[in-house]
Amino acid sequence: MRTLGATLAAAGTALVNLVARRDRPVVDLAPGDPAPDFTLAASDGRTYSLGDFRGRSVVVIAWFPKAFTPGCTIQCTAIGTTAARLREFDAAVFGASLDTAEASAAFADATAIGFPVLSDVDGAVAQAYGVLGRTGLPNRWTFYIGTHGRILAVDRGVHVGSHGDDIVSALERLGVARRP
């Protein structure tokens, strides 16, 4: 029932935004660009800021449209299946959506994502990262941010069923250090 409700809510949001033709400024972040800073509540009850990781660890932000919808559930479950492998890297991994921190907490539990899910309720951070689509929901994109606060890579072709493995591969490809 929760999946149906979330799917209908996402479809309603998308329909309203498409009919209203809400245009947003185009933001197209690329490797080498400074990553927009953020301070967001998360599913684990903590608040995270990008600046907290500067000089310390790589940050991965896996955006998804709406908690408890089928594709997002598959995506975050796939990340959860690789949580132990992801923890081997010197990287802070986050899911992110426009859902409330409470919904994100329930979703993180349900999917066993193994990492905090950031809650960007007003969409300001999603807008800064350029992930908001015409539907008003985040595109399924993943950002890799270096310790220097610059974008290392952006995955705009996320495959929901293999997303955890894809993040592991990207961290390896980017040469992210492993934890001792």
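**Ground rules.** I am working with a predicted model, where local features need pLDDT of at least 70, side-chain atom pairs count only at pLDDT 80 or more, and totals for chains, interfaces and linings use all residues. Residues are numbered from 1 along each chain as its sequence is written, and side-chain values use heavy atoms, with hydrogens and water left out.

**Aromatic pairs.** I looked for rings of Phe, Tyr and Trp (its six-membered ring) with centres within 6.5 Å, calling planes under 30 degrees apart stacked, over 60 edge-to-face and the rest tilted. That rule gives six aromatic pairs. One of them is Tyr 48 with Phe 94, edge-to-face, at 4.9 Å centre to centre and 65° between the planes. I noted that this pair links distant parts of the chain, with Tyr 48 in strand 2 (residues 47-49) and Phe 94 in strand 4 (residues 91-97), 46 residues apart. Helices (H or I, at least four residues) and strands (E, at least two) are DSSP runs, numbered from the N terminus. Both Tyr 48 and Phe 94 are buried; buried means under 20% relative accessible area, exposed over 50%, and partly exposed in between (1.4 Å probe, protein chains only).

Next I checked Phe 64 and Phe 107, whose ring centres are 5.3 Å apart with planes at 40°, so I wrote this pair down as tilted. Phe 64 lies in the loop between strand 3 (58-63) and helix 2 (70-80) and Phe 107 in helix 4 (residues 101-111), so the pair ties together parts 43 residues apart in sequence. Phe 64 and Phe 107 are buried too. I also found Tyr 48, Phe 53 and Phe 94 in one aromatic cluster.

**Charges over rings.** My test was NZ of Lys or CZ of Arg within 6 Å of the ring centre and within 35 degrees of the ring normal. The charged end of Arg 87 sits over the ring of Phe 115, 5.0 Å from its centre. Arg 156 has its charged end over the ring of Trp 141, 4.7 Å from the centre.

**Ser 57.** I found Ser 57 in the loop between strand 2 and strand 3. Is Ser 57 buried or exposed? Ser 57 is buried, with a relative accessible area of 6%. Leaving out residues up to four places away in sequence, Ser 57 touches Asp 90, Ala 91, Ala 92 and Thr 147; contact means heavy atoms within 4.5 Å.

**Gln 75.** Gln 75 is in helix 2 and, at 0% relative accessibility, counts as buried. Beyond its neighbours within four places in sequence, its contacts include Trp 63, Phe 64, Arg 140 and His 163. Other buried residues I listed in helix 2 include Cys 72, Cys 76 and Ile 79. Among what covers the buried residues of helix 2 are strand 3, helix 3 (83-86), helix 4 and helix 6 (163-173).

**Positive phi.** Phe 68 has a phi near 75°, positive in a residue other than glycine. I placed Phe 68 in the loop between strand 3 and helix 2, buried at a relative accessible area of 11%. Ala 112 also is not a glycine, yet has a positive phi of about 50°. Ala 112 is in the loop between helix 4 and strand 5 (117-119) and, at 49% relative accessibility, counts as partly exposed.
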